[in-house]
Every structure is written in C-alpha cells, then in structure tokens.
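Please open the model in a viewer and keep the selection panel at hand.

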Amino acid sequence: MLVLSRKKDEKIIIGDSITLMVIEIKNDKVRLGIEAPKDVTVHREEVYAAIKEQSEHDNTNCETP
C-alpha cells in the first residue's frame, strides 16, 4: 500500500485520468473530490461490499439445479 500525505487543495493523480483532491479536513474526517471518467465506478468501501454481496446473492438465486 502506498501512503501519501496531502494538505487541503492538494491532489493525487492516478494514471492519466483519475484525480483525487483533498477538499476539506475537519476533526477526524477528510472530504475528497474525485475526478474520473464516466466508465470508472467509484464507491465507498461499504457500498461496494453491499453491491458485491447483492450481486452474489442474485447469482446464487439464478442458478438452476
């Protein structure tokens, strides 16, 4: 894992098309802005896990014996 330190309004560039920017730092929370192409999905970890779990559940129910 790469660990970087950034201050407010500083950016991190991923590849040629994704930019992360620190928008706000308040107490123990950091707000990030993400610029990415429309074909790149961006989710919070817990949302991604729920989507994946639902997809696996749907696939299990669709299988025929």
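The pLDDT is the predictor's confidence in each residue, on a scale from 0 to 100. Colour the chain by this value: the average is 92, and 94% of the residues score at least 70. The model is predicted, so local features require a pLDDT of at least 70 and side-chain atom pairs a pLDDT of 80 or more, whereas totals for chains, interfaces and linings use all residues. Residues are numbered from 1 along each chain as its sequence is written, and side-chain values rest on heavy atoms, without hydrogens and water.

**The whole chain**

Switch to a cartoon view. The chain holds 1 helix and 3 strands, where helices (H or I, at least four residues) and strands (E, at least two) are DSSP runs numbered from the N terminus. Their order from the N terminus is β-β-β-α. The radius of gyration, taken over C-alpha atoms, is compared here with a globule rule of 2.2 Å times the number of residues to the power 0.38. The chain has a radius of gyration of 17 Å, well over the 11 Å that this rule gives for 65 residues, so the chain is more spread out than a compact globule. Along the principal axes, the C-alpha atoms fill a box of roughly 55 × 30 × 20 Å.

Select helix α1 (residues 45-62) next: its mean pLDDT of 88 is the lowest among the elements, while β1 has the highest, 98.

**The sheet**

Select the three strands together. They form an open sheet in the order β1-β2-β3, with antiparallel pairing; two strands count as paired if DSSP finds at least two bridges between them. β1 and β3 are the edge strands, each with a single partner, so one side of each has no neighbour in the sheet. From one strand to the next, the twist averages 25 degrees (axes are lines fitted to C-alpha atoms, for helices over the stretch in contact, and angles between N-to-C directions run from 0 to 180 degrees).

Zoom in on β1 (residues 11-14) and β2 (residues 18-26), which are joined by 4 bridges. Lys11 lies opposite Met21, and Ile13 opposite Thr19. In their hairpin, with 3 residues between the strands, select Gly15, which takes a positive phi near 60 degrees.

Move on to β2 and β3, joined by 7 bridges. Here Glu24 has Arg31 as its bridge partner, and Ile25 stands opposite Val30. This hairpin has 2 residues between its strands, and Asn27 in the turn shows a positive phi of about 55 degrees.

**The nonpolar patch**

Finally, display the surface and select Ile25, Val30, Leu32, Ile34, Val40 and Val42, which make a nonpolar surface patch of about 500 Å². Which strand gives the most to the nonpolar patch? Strand β3 (residues 29-35) does, with 3 residues. Patch residues have over 30% relative accessible area and no salt bridge; like charges are joined within 9 Å, and nonpolar side chains (Val, Leu, Ile, Met, Phe, Trp, Tyr) within 5 Å. Accessible areas come from the Shrake-Rupley method with a 1.4 Å probe, and for residues only the protein chains shown count as cover. A salt bridge places a side-chain nitrogen of Lys or Arg within 4 Å of a carboxyl oxygen of Asp or Glu.
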